[in-house]
Amino acid sequence: MTLVKNVTCPICGTLCDDLEVEVEENSIVDVRNACAIGEAKFLNFTDPKHRNLKPLVRKGGELTEVSLDEAVERSAQILAHAQYPILYGWSCTSCQAIRVGIELAEEVGGVIDNTSTVCHGPSILSIQSVGIPTCTLGQVRHRADLVVYWASDPYSAHPRHIERYTSFSDGRFQESEWEHYVTRLRGVLGKKRLSRASARISMREVSIPPIADPKLPPEFETEKRKLIVVDVRKTRSAEIADFFIQVEPNRDFELLQALRLLVKDEELEVDKVAGVPVDLLEEFADILISCNFGIFFFGVGLTMSSGKHRNIDAAIALTKDLNYRTKFAIMPMRGHFNVAGANIVSTWQTGYPFAVDFSHGYPRYNPGETSAVDILQRDESDASLIIASDPVSNFPRNAAQNLVKNPMITIDPVVSPTTMMADVVIPSAFVGIEVEGTAYRMDCVPLPMKKIVEPPKICLPDEEILRRILLQVRQIRQTGGKA
Amino acid sequence: MLIMSKVKVILLTGRTIDQGVSKEHGKLSKEYQEKVAICEVDSSDLKNLTVIKGLNIKVITRFGSVVVKAIKSSRGSHPGIAYMPYGLWANIVVDPHTHGIGMPSFKGIPAELEAAPSENVTPIPVLLEETFRKKPQ
Amino acid sequence: MKELLIKNGFVYDPLNKIDGETMDIAVRDGKIVEEVKKGKTIDASGMVVMPGGVDIHSHIAGAKVNSGRLLRPEDHYKDVELKTVLTRSGVGYSIPSTFTTGYRYSRMGWTTVMEPAMPPLKAKHTHEELNDTPMVDKGAYPLLGSNWFVLEYLRAKMYGECAAFVAWMMNATKGYAIKLVNPGGLEAWGFGRNVRDIDDPVPNFDITPREIIQGLCKVNQILNLPHTIHVHINNLGKPGNYVTTLETMRCVENLATDNKPIMHLTHCQFSAFAGEDWRTFKSASEEIAEYVNSHSHVTLDMGQIVFTNTTTMTADGPFQFTLYQITGNKWVNNDVETETSSGIVPFQYKRKNYVHATQWTIGLELALQIKDPWKILLTTDHPNAGPFTAYPKVITWLMSRKARDDVMKKVNKKTRRKAPLSAIDREYSLYEIAIATRAGQAKALGLESKGHLGVGADADISVYNLDPKKTNLADNPEAITKAFKKAAYTIKDGEIVVRDGEVVNSVNGRTYWVKVETQANLFEIEPELKRAFEKYYTVKYENYLVPQNFSAHQTPVTAKARIKS
């Protein structure tokens, strides 16, 4: 048995790199330090029920097992003969594979788009219009005395974020608030138990905690590190927070602009903004100004609801305003483990982070026009290559329908609705478990993904599969196949 | 004849840790359907629907409708807000419009809920074949 | 065996004291040799032959450059590169994509480019981009002037340990030289503060910028690194900062031995400001030139302004915040734990703006008033003062008073009245241009096989369609610009890669890094380093390191350290 240390977890943008994996005869028997999702991945990835282990090509309407060479050949044929193919996915593979993917997209004159298009795409559009004051996560660990998660639920989507980088981490200038939290939790649990007991006795429904804390708790006056959650519902993360502010759905923009006014010492002539009492907002603004180092982490709650990139504009503008008063940073909570890497590689090779169109022979970028969902909704593409992602599940139905209607190639280690509907399925190896490579954390820190076990023989690395397709495409085009 | 009452809500879709974990058991697994083909509804809204938690409801928006299991929300009280984990079921009812920036509206969609005690949740393979009229693997 | 003969060109090879003689240059297997018998011949009669261009300071790769690319789609829309059979597509303008960067340097005859600001934590990013930057040899300088380990070792005056740490760092990041940016100030910026001058202590660390500069200068001497410390001063971009510049140069005067440079002061234009504020702002080029003319321990580069829309990007977070406050343009700030910060602001240099126009004169004044061209090298601090594609223009300004006067006529009136530049007649010769763009740069970098055409040198050669015997260059500035824009030939490692300004052969180029060799056990500090590392960083020690051969074509250069065991 061997213990592999310092393993980077191939799940989310938190990219924890302290996992320890026990390996016995090329199989993983245990994993330490991982969150529930990471653990589930390391212990289940070989399950043959959901692993792609055969190259498949659709023949007579049915996916039929073929040789890997045939699957590659068929993929190359589809791409070489397509007028306007979409190459989509990329956020769950290595930067090395993404590099080849961009070369392939350029070669076939297609569009390459990554999952940020339906995730933090609006955040990127916003950064492109106003910029962003940000930092690496270590700055937060060492310095932040105020952490705000806005429209983000790290407990559910980035389970170790708080423990590794924010309120429950120990830094040079800031201490972990874990012990304070445990003390407070005991108090709360005690109250809950009491109310449950009294409910049983009185046979009445258990009283539900109030929607939002109406005013700040007294311990807020103290010097300790503070954690605040702003969201449309009381998430699990909100329960951990020192304070929770509930905003009405689709009204984050108003709340952010109201805070901007307050931070600039303006007064608000209303009682409530987006469901939040103004006197509470005034206190919140004071907290924002009076910290030594504050940070907003924002989730797709802002990018996917009404206002989209305008919400991020407001959040970044607020952060910029705060830098006139103190030190403040802001960071998007990136989802997939290498979605940041997909943006980064695309940017250095083409100048643009996603939705890059090569149909004119040079990189062109115009989200809304060159982004995957829009192209599909306009029914313009005539083929696709989907890698390490599941747009058939994750795109709105009308976009997914147009994807499925045209020839679709999938490269994926696992069975998903997308691979099930594909015309070519090429099984691949898991990056970070069976293949090494580079990935970028949500704060754009590059980390090595390890190879821990050997993949099944038929499962090649994404990079190699893409290279084979690229080579064949070039051969087809040289022999005039395009005509 | 029983008249089904409807409840108007704002629909949010998003990640849950159960969805994240069950995904690693495979999207065709029973766990995945159990954790993802659901809608978290506030207890007061459930009462108005005359639905007991754990029974099925139909989520209806301008863009489509889908049957999922109703779950009582454990996340504080938020009447008028319903929550579905990301996935094939939720994406039938989300707002596909990108407003010219590439991003559909996955959150904050006006929706109606109605009790559907006699309807079943459609498993992924059936849903795929119905939606795309192509044979899934 | 691959041979090439470049016949009958006017050869400018200052390191070998060759000044325009008509000569043949022979190449075999990527190196310059005495003679060749067969192989291809290039007829360079009536053309200028120089060593390939070398750039000591150009932001071409890494986290900050890429954030700049992401920030500015509007910079790219107007300037695109089509895919060809040989080359990849891409975009410009001020922050070109990686492939485009390589092609554009090569088209101008440049063959070596150094990325001067690599955050060590993101070193892998820099190397991944350098790996995708074709045509040129490259290297990168890790940012060390606000690194916690460095500050702590130097505060305790543990120079040997600090040297061991820096040696470890060069290996860990595959770095080439020690870079200091606003020493100490970037740590202060972690809490939104800055340091005022070189004697203002860094908050929480009880060390002054002076001690950091002197300390790293000593470390550099101990390690015998090929380049000197590479310094972006405190107070960069502020009126009156020439005082800080002089103090920075003075503070290492005593450390100098045998007339050798021990400090490179980069983009000096931004550090030669006199005046109290922007209203009273004026050039301090004379004060700086006077000092440099009487001392031999520093080299400088220009950071020459070009009137255009460009993208400012430095590790100097507080300076970039000031630029944001001045312009109101979009602003990126990115602080890196334990090490550094960075900032980006788009910027338009305007002819009619007094400050910008004066900045334009300062760069040229420095280059024209510093007598020894080995001491002041040509850069635009790409893209901070302008994109590197403006080099042909800058060369022209240096070589032709007429060209300068043409610009002078169009700039701000107050600048025209006040600037010392108006009274300067000096015009660079091609020999001096070869120093400022090749020989001097390679020498300052300690790249012994670059910047010259002597036997054994790398066969990195540029040929320009320019005949100094037929044309009076100073009177025909357009001819200079035209020739340097499109090299007649660029030869990289003995291969013709560019012909008439077009890429005819795409090659990769190496990435140099410095491997320190010593008798002493440099890695004695390692156990302690590992312990502290866990506390200082959010990544594991093992995952921080850039492995050997992380990117293709990594090439170590050896430094023989003088560490006592």
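Tutor: A salt bridge here is a side-chain nitrogen of Lys or Arg within 4 Å of a carboxyl oxygen of Asp or Glu. This is a predicted model, in which local features need pLDDT of at least 70 and side-chain atom pairs count only at pLDDT 80 or more, while totals for chains, interfaces and linings use all residues. Residues are numbered from 1 along each chain as written, chains are lettered from A and ligands numbered from 1 in written order, and side-chain values use heavy atoms, without hydrogens or water.

Start with the extent. Contact (heavy atoms within 4.5 Å) links 51 residues of chain B to 67 residues of chain A. Together the two chains bury about 5100 Å², this being the accessible area (1.4 Å probe) lost when two parts are put together, summed over both. Carbon and sulfur atoms carry 62% of that area.

Four salt bridges run between chain B and chain A. One example pairs A:Glu62 with B:Lys135, at 3.7 Å from N to O. Side chains of opposite charge can pair when their charged atoms come close. There are also 21 residue pairs in polar contact between these chains, with both residues at pLDDT 80 or more. A polar contact is a pair of N or O atoms within 3.5 Å; within protein, one must be able to donate a hydrogen and the other to accept it, and sequence neighbours count only if both atoms are side-chain atoms.

Which elements of chain B face chain A? Strand S1 (6–14), helix H1 (17–23), strand S5 (81–85), strand S6 (107–115) and helix H4 (124–132) each supply at least two residues of that side. Helices (H or I, at least four residues) and strands (E, at least two) are DSSP runs numbered from the N terminus. H4(B) gives the most, with five residues. By residue class, this side of chain B holds 22 nonpolar, 21 polar and eight charged residues. Nonpolar means Ala, Val, Leu, Ile, Met, Phe, Trp, Tyr, Cys and Pro; Asp, Glu, Lys and Arg are charged; the others, Gly among them, are polar.

The largest cavity holds about 930 Å³. It is lined by 46 residues, and those closest to its centre are A:Cys92, A:His336, A:Asn394, B:Lys23 and B:Lys27. On a 1 Å grid over the protein atoms alone, a cavity is a set of points where a 1.4 Å probe fits but cannot get out, and lining residues have an atom within 4 Å of a point. Points join across faces, edges and corners, and volume is the space filled by probe spheres set on them. Helix H1 (36–44), helix H6 (154–157) and helix H16 (391–394) of chain A each supply at least two lining residues, as does H1 of chain B. The largest share, three residues, comes from H1(B).

Two pairs of chains are in contact, and chains A and C share the most contacts. Chain B and chain C have no contact; their closest C-alpha atoms lie 15 Å apart. Between chain C and chain A, 58 residues of chain C touch 63 residues of chain A. This pair buries about 5100 Å², with 53% on carbon and sulfur atoms. On the chain C side, C:Leu70, C:Phe191 and C:Thr538 lose the most area to chain A, together 13% of what that side buries. Nine salt bridges join chain C and chain A. In one of them, C:Glu542 meets A:Lys450 with the closest N and O atoms 2.8 Å apart. Polar contacts between chain C and chain A come to 40 residue pairs, both residues at pLDDT 80 or more. The side of chain C that touches chain A has 22 nonpolar, 18 polar and 18 charged residues.

The whole structure has 75 salt bridges over all chains. Within chain A, A:Arg32 and A:Glu22 pair at 2.4 Å, N to O. A:Arg32 sits in strand S3 (residues 27–32) and A:Glu22 in strand S2 (residues 19–24), so this pair ties together parts of chain A that are 10 residues apart in sequence.

Definitions and conventions: On a 1 Å grid over the protein atoms alone, a cavity is a set of points where a 1.4 Å probe fits but cannot get out, and a pocket is an open set with protein on both sides within 12 Å along at least five of seven lines; lining residues have an atom within 4 Å of a point.
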